[in-house]
Amino acid sequence: MKSISFTQKSSVVCVFAWLLLTIMGGVILAEPAPLSLSYDDLAPIISQKNTLIKSELHLIESEKAKTGHLKRSLLPRLSASAGTIGFYNGGIDDTKIQPIGSVDAVINLSRGGQDHTEDKIRNAQVDLTQALLQKTMASELNDAQKLYWDIVFTEEMNRSIEEVLTQTKRNFEATKRRFNRGLLTQSDLLAFTIYQNKLEEDIESNHHEKKILLIKLNAILGLSDTDLVDVTLEMIPHLDDSVLTEAFSASQSIEMKEWEMHQKMEALQRQKLSQKNRPTIDIFGNYILYTETEREYADLADRGEIAAGIRAQFIFFDANQRRSDLTSATLRSSALTQEIAYKTAHMTSTLQSEQEELIHLHELIHRSEDRIMQSKKLLAAIFQDYDQGVKTSTDVLTTLQSHQDIKTSYIRQKRDYQKTKSELLNRLKKPP
């Protein structure tokens, strides 16, 4: 038995270490598995990661920070000032530098209801930003859902094309056998080859389209470039939904809340303007330290003055500014009312139009399902006739192309149905 030398042992160890490092390096450098994404995952991810939604949330907190105005208006307002002043009176010997200062306190008893109205305006602004958040969320979710259904569409299209490609390859092999026996011409083989290449190109194009759609979906979801995303493979479902028969109106739209809040705020602004002619009442108190130029006392304590009282202020004439502002606000409110009436009618028609589109697609899908069954029977008959030499390769390819066109139309109808349904539900106060 031969012994292994030290050099041989070192070589074996080096080779083993190299293999181990190669395997480990491959594991380390391997791309992470894509994040599996289902349709139901879209809304939670958008609400957590979408930067536009985060921006809206910050705006809501910003408006909330302004609330509580009424309570703050009733708290005392304190101010103070301090300093020195140099003055001269009668000659150089009379030049003096003396301190000045004041302390003021004011407590608001009434602003004619303006503080109470302002408090309502600020709370309404919070409600408005929350309504805008719902609108933004619905818009972003709708865009994401459309991309999702487009991605699923490309997947289902590829499955359909691969089925046709399998049938084409099977017939191509049969065509080659018949060509080798001298029963067909070279053009028959070329026709199958060209059609097969076209199907393979369509599959590759769909893969490329899917990558583009995933990039766009990533941006809406707020995922980083390092987050690899792939949708959970789902057949596009089609069900007889209650959404086909439900009666819709603009009152169910999430945008209605936004319109209502705009209208409410306009009314409150008009109310606040009308309250400006009411008196304001304050309790006040102050301490003021004067100089000898204002109080001719050498002693500092004798120049101080303390005052307290209650006062009411009235506006008798403001150059018609309040009336002008109130007229403008009334006209603006009237314009807003007309705009909301238009938007309400338009939204109702939009909801009903989308529902009608769903009904139409629902009918088309059922018709396409029947045509697919008929097309499958026709394919089987054409293949049988082709094997018996009754039909030509042109007949087979034409029937395959027709069958694929029918399936493509069917898949597109199902996608359009789901995209329209998603858009309709996103306009309403209900989950998908």
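Predicted model: local features only at pLDDT ≥ 70, side-chain atom pairs only at ≥ 80, totals over all residues.

Reader: OK, how do α6 and α9 cross, and at what angle?

Author: Helix α6 covers residues 186-221 and helix α9 covers residues 393-426; their axes cross at roughly 15 degrees and come within 9 Å. Angles under 35 degrees count as roughly parallel, so α6 is roughly parallel to α9.

Reader: Left-handed or right-handed crossing?

Author: Left-handed for α6 and α9.

Reader: Which residues make the contact?

Author: From α6 you have D188, A191, F192 and Y195. The α9 side brings S393, V396, L397, L400, Q401 and Q404.

Reader: And how many of those are nonpolar, polar or charged?

Author: The contact of α6 with α9 has six nonpolar residues, three polar and one charged.

Reader: Switching to the sheet. What's the strand order?

Author: It's an open sheet of four strands, ordered β2-β3-β5-β6, and the pairing is antiparallel. From one strand to the next, the twist averages 15 degrees.

Reader: Which strands stand at the edges?

Author: β2 (77-87) and β6 (304-313). Each has a single partner strand, so one side of each is left without a neighbour in the sheet.

Reader: How many bridges join β5 to β6?

Author: Ten, with β5 (residues 280-289) and β6 running antiparallel.

Reader: What stands opposite D282?

Author: That would be R311 in β6.

Key
Residues numbered from 1 in each chain as written. Heavy atoms only, no water. Axes fitted to C-alpha atoms, helices over the stretch in contact; angles between N-to-C directions. Helix = DSSP H or I, 4+ residues; strand = E, 2+ residues; numbered from the N terminus. Parallel < 35°, antiparallel > 145°, perpendicular 65-115°, else oblique. Left-handed = near helix turned anticlockwise from the far one by under 90°. Contact = heavy atoms within 4.5 Å. Nonpolar A, V, L, I, M, F, W, Y, C, P; charged D, E, K, R; others polar. Pairing = 2+ DSSP bridges.
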